[in-house]
Structure formats: C-alpha cells, structure tokens
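Morning, everyone. Please have a look at the sequence and the model before I start.

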Amino acid sequence: MNALLAANAVAAVASVAFALVGGVRPAALSESGTPSAGERFYGWMYATRAVPLGAAALVAPIAWPGPASSLLLSAAAAAQVGDAAIGIATRKWTMIAGASLLTVIHAATAAATA
C-alpha cells in the first residue's frame, strides 16, 4: 500500500507540474513556436482544473482514506482518461503514455483506499 501511495503522490505532483507548465508556457506542451492567445487561454484553463485536482489527489488518500478519497481519485483518473483521449486525437504519444499511467495509478489508489 505504501508503494501505491508513493506512486500516487508522484503522479499527482507530475500532473500539477505539467499543468503549471501548460499555464505559464503553453508552447512547451503544444510544441508551437509562439503561443497564440487561444493556447494561453486553454493553458490556463487546463491549469485551473488540474492544479487543484492534482493537489487533492496528493493529499486525499493520506488525509481522508475511505469513500471520499476514492471518489476524488476516481475523478482524477477520469480527468486523465480525458487527457489520454486528447493525446490519441492529436497523436501525442507522450501524452497518451503519461495520462494512461496516471489513470492506472489513480484508479488503483482509489480502489485501495475505498
């Protein structure tokens, strides 16, 4: 269980880090030269969702194990499924792999803390 909690913590921190990069430097994730106003908008929109969700996914299994933590981690896993789907649609293999891995980790932690 401790290894799963550690993996979940690393996954949550990685999610928050990528969200902050997406907000501050959207071109780093979109691989465009100069970000458009739309990229900056969507970068911040992504960060606005992912930072609190990632922070909650980090804290919840330790602070509140049980149904509440499981529900929150399930929501984090669902968000990662969405990110993986976007990766599939845009053929960004690193996004597919990363989001899929985070989905598995959050879902496994949700099941273990239920």
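Let's begin with Ala-3, which sits in helix H1. Helices here are DSSP runs of H or I with at least four residues, strands are runs of E with at least two, and both are numbered from the N terminus. This is a predicted model, where local features need pLDDT of at least 70, side-chain atom pairs count only at pLDDT 80 or more, and totals for chains, interfaces and linings use all residues. Residues are numbered from 1 along each chain as its sequence is written, and side-chain values use heavy atoms, with hydrogens and water left out.

Back to Ala-3. Is Ala-3 buried or exposed? Ala-3 counts as exposed, because its relative accessibility is 62%. The cut-offs are these: buried is under 20% relative accessible area, exposed is over 50%, and partly exposed is in between, using a 1.4 Å probe and protein chains only. From Ala-3 to Pro-52 is 49 residues in sequence and 23 Å in space, C-alpha to C-alpha.

Now the helix pairs. Two packed helices are described by the angle between their axes and the distance between the axes. Axes are lines fitted to C-alpha atoms, for helices over the stretch in contact, and angles between N-to-C directions run from 0 to 180 degrees.

First pair. H1 (residues 2-24) packs with H3 (residues 37-63) at about 160 degrees, axes 8 Å apart. H1 is therefore roughly antiparallel to H3. That term needs an angle over 145 degrees; under 35 is roughly parallel, 65 to 115 roughly perpendicular, and the rest oblique. The H1 and H3 crossing is left-handed, meaning the near helix is turned anticlockwise from the far one by less than a right angle; clockwise would be right-handed. Their contact has 18 nonpolar, 6 polar and no charged residues. Nonpolar covers Ala, Val, Leu, Ile, Met, Phe, Trp, Tyr, Cys and Pro; charged covers Asp, Glu, Lys and Arg; the others, Gly among them, are polar.

Second pair. H4 (residues 67-90) and H5 (residues 93-113) pack at about 165 degrees, with axes 8 Å apart. So H4 is roughly antiparallel to H5. The H4 and H5 crossing is left-handed. By class, their contact has 13 nonpolar, 10 polar and 1 charged residues.

Over to H4, where Ser-70 lies. Ser-70 is buried, at 13% relative accessible area. Leaving out residues up to four places away in sequence, Ser-70 touches Ala-110, Thr-113 and Ala-114. Contact means heavy atoms within 4.5 Å.
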